[in-house]
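Student: I am new to this structure. Please take one part and look at it closely with me.

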Amino acid sequence: MAEQVEHSEHKEESLMEKIADKIHFDRSSSSDSDSEVKPAAAPEASPSPSPSSVKAKIWRLFGREKSVHHVFGGGKPADVFLWRNKKISASVLGGATAIWVLFELLEYFLVGLVCHLLIFTLAVLFLWSNATTFINKKRPHIPEVQLPEEPILEIASALSIEINRALSMLREIATGKDLKKFLAVVAGLWILSVVGNCCNFLTLFYILFVLLHTVPVLYEKYEDKVDPLAEKAMQEIKKQYAVFDARVLSKIPIGPLKDKKNA
């Protein structure tokens, strides 16, 4: 009897071990299947380009990479041309307009205007200095002009550098190495001569001065609309120049340049 009870307990223990092994096997198989079949990871979305990078890739007039303010030097002259300070810009443009009206419309001459201003200044100083004896005030003080040497030397040095650069560029153009640049300079000088025959130097200078005070500020305001149109125009000009080069310029014989040797 005791052996039967012991045998039944042994069967129950073996049955429980089988059930536990079965549960453990099912769990391990399910975990293996989960590890083998995984959902494909969603591809990472590429970062969208920032507006600044998109704006940097936009074609700009004359191939510039800097702002209009930086192109004009970024200092006070740029502030005047781009109307950063409207009072100063308006006063400068008004002064240039007054000078043009005096010399062009009223037909004043420079020598005559300078002499009249000097006469008026001397008359005011004369009356002021003689009136001090009656009103017991000091005579007018005429200051002495002292110019610092360093700025003048810096300006002279910069001016000489620019003159030498212009002469070297003129020498390069005159040699005919770059035929495209040579033809562009000749066309520009011819257009300038035609405009110069239509108006005098003062009127031409005033027109350029007004353009400098109007065109840059308008371009800075509407550059996103102007640059695509300018790009199309430049592409069309390059196409026409390529045709002109193939038909005319390429047929012009250009001999090699030889340096002259001193005897």
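Tutor: Start with the whole chain. Buried residues make up 11% of its 263 residues. The model is a predicted one. It holds 10 helices and 0 strands. Read from the N terminus, the elements run α-α-α-α-α-α-α-α-α-α. The chain exposes about 23,000 Å², and carbon and sulfur atoms supply 66% of that area.

Now the close look. Where is His69? This residue is found in helix 3, which covers residues 68-71. Is His69 buried or exposed? Its relative accessible area is 18%. The cut-off for buried is under 20%, so His69 counts as buried.

Which residues lie around His69? Leave out residues up to four places away in sequence. Then His69 touches Gly74, Gly75, Ala78, Asp79, Leu82 and Arg84. One of these partners, Asp79, also takes part in a polar contact. The side chain of His69 meets the side chain of Asp79 at 2.7 Å.

Val217 is 148 residues away in sequence. Yet the C-alpha atoms of His69 and Val217 are separated by 9.5 Å.

The core has 5 residues: Leu93, Ala96, Trp100, Tyr206 and Phe209. Helix 5 supplies the largest share, 3 residues. Which residues does Phe209 touch, again leaving out those up to four places away in sequence? They are Val92, Leu93 and Ala96.

Next, the annotated spans. An unreviewed UniProt entry carries the annotation "transmembrane region" for residues 109-129 and 182-212. In the model, residues 109-129 are 95% helix and 0% strand. The end C-alpha atoms of that span are 30 Å apart. Residues 182-212 are 94% helix and 0% strand. Here the end C-alpha atoms lie 26 Å apart.

Last, the cysteines. How many disulfides does the chain have? The count comes to 0. Take Cys199. The closest cysteine sulfur to its own is in Cys198, at 6.6 Å. A disulfide needs sulfur atoms within 2.5 Å, so this pair is too far apart for a bond. Cys115 has a relative accessibility of 38%, so it counts as partly exposed.

Return to His69 to finish. It is buried, it belongs to helix 3, and its side chain makes a polar contact with that of Asp79.

Definitions and conventions
Residues are numbered from 1 along each chain as its sequence is written. This is a predicted model: local features need pLDDT of at least 70, side-chain atom pairs count only at pLDDT 80 or more; totals for chains, interfaces and linings use all residues. Side-chain values use heavy atoms; hydrogens and water are left out. A nonpolar core is a set of buried Ala, Val, Leu, Ile, Met, Phe, Trp, Tyr and Cys residues joined through side-chain atoms within 4.5 Å. Buried means under 20% relative accessible area, exposed over 50%, partly exposed in between (1.4 Å probe, protein chains only). Helices (H or I, at least four residues) and strands (E, at least two) are DSSP runs, numbered from the N terminus. Contact means heavy atoms within 4.5 Å. UniProt positions are given in the numbering used here, feature names are shortened, and annotations may be inferred rather than shown by experiment. A polar contact is a pair of N or O atoms within 3.5 Å; within protein, one must be able to donate a hydrogen and the other to accept it, and residues adjacent in sequence count only if both atoms are side-chain atoms. Accessible areas come from the Shrake-Rupley method with a 1.4 Å probe; for residues, only the protein chains shown count as cover.
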